[in-house]
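Hi,

Here is the structure we talked about. Please take a look before you read on; my notes on the ligand site follow.

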Amino acid sequence: MRIDIVTIFPEYLAPLDVSLIGKAAAAGILDIRVHELRTWTHDRHNTVDDSPCGGGPGMVMKPEPWWEALTGLVPPGTEAGTRLIVPTPSGRPFTQRVAEDLATASHLVFAPARYEGIDRRFVEAAAERMPVEELSIGDYVLAGGEVAVLVMVEAVGRLLPGVLGNAESAKDDSFGHASEGGMAGLLEGPVYTKPATWDGREVPPVLLSGNHAVIARWRRDEALRRTAAMRPDLIEGLDPDALDKKDRAR
Ligand SMILES: N#Cc1c(-c2ccc3ccn(Cc4cccnc4)c3c2)n[nH]c1N
């Protein structure tokens, strides 16, 4: 997967060189390219913003540099397989299901804006050339879209074949599809490691029993318990077929 990120703060995306995503890029699974939006400006001050039409606070990002950037990165006629992602507080929720959908694309272009956002006409013009997703990572207000891009690239990148090692798997992710069984659709339950006793606190004996069926049952019970406590909305949304008889007996 090729990922292009256009921003006025390229240094904000430095974390993508680290850890899981950095290793995936080094392995060639991801081809991540970060671009400075001002590359596509032509005035002496490399202007990317202007005052909002109709008045109001702040500044709005001009459509021209974004359009030139998009056209430079995705020349007309080469849009097949490319999706434009625009982080915005007014977008539809970015969820695990959205991440799974984006993971099927061959090319993602991210447009993290600043100020009050990008002139609407850029999104409208882009949508005539390729699918555009306006996405929000949560119900809080950030100062720009770069943090959202870090979140989205990690959530999507980890789903690509070869990114997670054999020891880890996205199969049982929280928020995954409950219908796939396992913990999918539920929050993660508690995790423990050695020592068996720490601070006078014991690891639950079942985890030391070696009985994998009983351990799996205990873990599912704990996942259900945590989900009911922290995210009852997810319980309501679970596919009934994904709940087995013992779950229903809880
Ligand atoms: N995804 C996402 C986001 C953002 C977000 C994303 C892009 C931009 C670009 C500019 N701003 C600042 C801004 C603009 C308009 C009103 N209020 C604030 C952004 C915020 N905030 N919260 C989220 N969950």
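First, the classes: Ala, Val, Leu, Ile, Met, Phe, Trp, Tyr, Cys and Pro count as nonpolar, Asp, Glu, Lys and Arg as charged, and the others, Gly among them, as polar. On that basis the shell around the ligand holds 11 nonpolar, 5 polar and 2 charged residues.

A note on the source. This is a predicted model, where local features need pLDDT of at least 70 and side-chain atom pairs pLDDT 80 or more, while totals for chains, interfaces and linings use all residues. Residues are numbered from 1 along each chain as its sequence is written, and side-chain values use heavy atoms, with hydrogens and water left out.

The shell. The ligand is surrounded by 18 residues (a heavy atom within 4 Å). Pro-87, Ser-136, Gly-138, Tyr-140 and Leu-142 are the closest. E5 gives the most, with 3.

Polar contacts (N or O pairs within 3.5 Å).
- Gly-138, polar backbone atom: 2.9 Å
- Ser-136, polar side-chain atom: 3.1 Å
- Leu-135, backbone N or O atom: 3.4 Å

The protein covers 88% of the 510 Å² of accessible area that the ligand has on its own (Shrake-Rupley, 1.4 Å probe).

Ser-136 is in strand E7. Its side chain also reaches the backbone oxygen of Gly-138, at 3.1 Å.

Best wishes

Note on methods:
Polar contact = N/O pair within 3.5 Å; in protein donor to acceptor, adjacent residues only side chain to side chain. Helix = DSSP H or I, 4+ residues; strand = E, 2+ residues; numbered from the N terminus.
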